Amino acid sequence: KMPKPLGYHTARICEAGDALNQPALVQDGMSGDIDFPHGNLKPIVTVGEFWPGNGRFHVGVPDGMGAYLKDDKTVRMIVQSESYGPIS
């Protein structure tokens, strides 16, 4: 299976509601209930995707995330992940 570049996956893991009583929403690789009260969410990076600029993978469990405005057109995202065991 070939690795996918950053942004390849578009399905959202988070859900706006409980899918327990909505079995049609539960499908592998698909978003569930995405009727979020605060607006739409867009996945930025998923574990296993690689950064095309340097070929490195996002690994582990996201433990800390932040963002700030670099300039009027750029939001810089900072991610720190926990990784357990060897990475090859």
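Student: Does V79 count as buried, exposed or partly exposed?
Tutor: Happy to start there: this is a predicted model, where local features need pLDDT of at least 70, side-chain atom pairs count only at pLDDT 80 or more, and totals for chains, interfaces and linings use all residues. Residues are numbered from 1 along each chain as its sequence is written, and side-chain values use heavy atoms, with hydrogens and water left out. Buried means under 20% relative accessible area, exposed over 50%, with the class in between for the rest (1.4 Å probe, protein chains only). V79 has a relative accessibility of 31%, so the class of V79 is partly exposed.

Student: Which strand holds V79?
Tutor: Strands are DSSP runs of E with at least two residues, numbered from the N terminus. The run that includes V79 covers residues 74-82. M77 lies in that strand too, and V79 is in β4.

Student: How far apart are the C-alpha atoms of M77 and M65?
Tutor: M77 is in contact (heavy atoms within 4.5 Å) with I44, M65, G66 and A67, leaving aside neighbours within four places in sequence. M77 and M65 are 12 residues apart along the chain, and their C-alpha separation is 7.3 Å.

Student: What is the C-alpha to C-alpha distance of Q80 and D63?
Tutor: Q80 is found in strand β4, where it is partly exposed with a relative accessible area of 38%. In sequence, Q80 and D63 are 17 residues apart, while in space their C-alpha distance is 5.8 Å.

Student: Which side chain of opposite charge is nearest to E49?
Tutor: E49 sits in strand β2, residues 49-50. Lys and Arg count as positive, Asp and Glu as negative, while His and the chain ends are not counted. E49 is buried and has no salt bridge, meaning a side-chain nitrogen of Lys or Arg within 4 Å of a carboxyl oxygen of Asp or Glu. The side chain in question is 9.6 Å away and belongs to K4.

Student: With which side chain does the side chain of E49 make a polar contact?
Tutor: A polar contact is a pair of N or O atoms within 3.5 Å; within protein, one must be able to donate a hydrogen and the other to accept it, and residues adjacent in sequence count only if both atoms are side-chain atoms. A polar atom of the E49 side chain also lies 3.3 Å from the backbone nitrogen of Y8. The side-chain partner, at 2.7 Å, is H9.

Student: By what distance are the C-alpha atoms of H9 and T46 separated?
Tutor: H9 is in the loop between β1 (4-5) and β2, and is partly exposed at 35%. T46 is among the residues that H9 contacts. They are 37 residues apart along the chain, with a C-alpha separation of 7.2 Å.

Student: Which side chain makes a polar contact with the side chain of R12?
Tutor: R12 is also in the loop between β1 and β2, and counts as buried at 17% relative accessibility. Residues that R12 touches include S31, F36 and P43. The polar contact spans 3.2 Å, and the partner is N40.

Technical notes. Helix = DSSP H or I, 4+ residues; strand = E, 2+ residues; numbered from the N terminus.
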